[in-house]
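Colleague: Hi! Could you walk me through the aromatic contacts in this one?
Modeller: Happy to, here it is.

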Amino acid sequence: QATQKWLENRTGIRTIFSHSLIILDNTGTLIASVPAQSELYGKSFAEREYFTHSLSSQKPYISAPFITAANGRPTIMMTSILYAEDGSIKGLLCGAVDLLDDAGLFGTVKTTQMGSSGYLYLFAPDRTMIIHPDASRILKQDVKPGANLLFDKALLGFEGSGETINSKGQHFLASFKHLQATDWILAANYPVAE
């Protein structure tokens, strides 16, 4: 109850984590959540990649995107280790971000417009679209090799700008930046015609 109350008082970070905030104990058992999900209390999340990776590395972690069982929406989980006074691991504070929510952590990426039809998007090294203004493309690997040469070059480590034809055949000035906290790549497409 004390943990649940503490979590409910984290009003500032609840606006960032648009899906939920949860606390898992050191065995992976859910002990608190916001919004409160009493049906999940006592359920084990020990097999989840974000739990196992966080405990093995003992560092904060940003998960690969996944579809939540709760509502079937694409989500990422960000974790932080919770330590006891003696330095032992007590559990994890986990914040889930709904990738489709315009008000969430990545809402600005999804809703930023450049010119009349330019946009930002975020993708993973395996070509998975993480954030895109076209929600139907999220969690898809729909940019095939050769369909966008600058996209392919960014996957090989390129950072910078250049002209390219995107996977839909449109001519853009595109910029790519690798993010330090993850292996994701942020891209900006600005129509050459503009």
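**Aromatic pairs**

Modeller: This is a predicted model, and a search of the whole structure finds 7 aromatic pairs.

Colleague: Nice. How are Tyr 119 and Phe 172 arranged as a pair?
Modeller: Tyr 119 and Phe 172 are edge-to-face, with 5.7 Å centre to centre and 80° between the planes.

Colleague: And which parts does that pair tie together?
Modeller: Tyr 119 is in strand β8 (residues 118-123) and Phe 172 is in strand β11 (residues 171-178), so their pairing ties together parts 53 residues apart in sequence.

Colleague: Are those two buried or exposed?
Modeller: Both Tyr 119 and Phe 172 are buried.

Colleague: OK, what about Tyr 121 and Phe 151?
Modeller: Tyr 121 and Phe 151 form a stacked pair, at 6.5 Å centre to centre and with 15° between the planes. This pair also links distant parts of the chain: Tyr 121 belongs to strand β8 and Phe 151 to helix α5 (residues 149-155), 30 residues apart.

Colleague: Why does Tyr 121 count as buried?
Modeller: Because its relative accessibility is 3%, and buried means under 20%. Phe 151 is buried as well, with a relative accessible area of 0%.

Colleague: Which residues form the aromatic cluster?
Modeller: One cluster is formed by Tyr 119, Tyr 121, Phe 123, Phe 151, Phe 172 and Phe 176.

Colleague: Switching topic: where does the charged end of Lys 153 sit?
Modeller: The charged end of Lys 153 sits over the ring of Phe 158, 4.6 Å from the ring's centre.

Colleague: Great, thanks!

Key:
Residues are numbered from 1 along each chain as its sequence is written. This is a predicted model: local features need pLDDT of at least 70, side-chain atom pairs count only at pLDDT 80 or more; totals for chains, interfaces and linings use all residues. Side-chain values use heavy atoms; hydrogens and water are left out. Rings of Phe, Tyr and Trp (its six-membered ring) pair if their centres lie within 6.5 Å; planes under 30 degrees apart count as stacked, over 60 as edge-to-face and the rest as tilted. Helices (H or I, at least four residues) and strands (E, at least two) are DSSP runs, numbered from the N terminus. Buried means under 20% relative accessible area, exposed over 50%, partly exposed in between (1.4 Å probe, protein chains only). A charge sits over a ring if NZ of Lys or CZ of Arg is within 6 Å of the ring centre and within 35 degrees of the ring normal.
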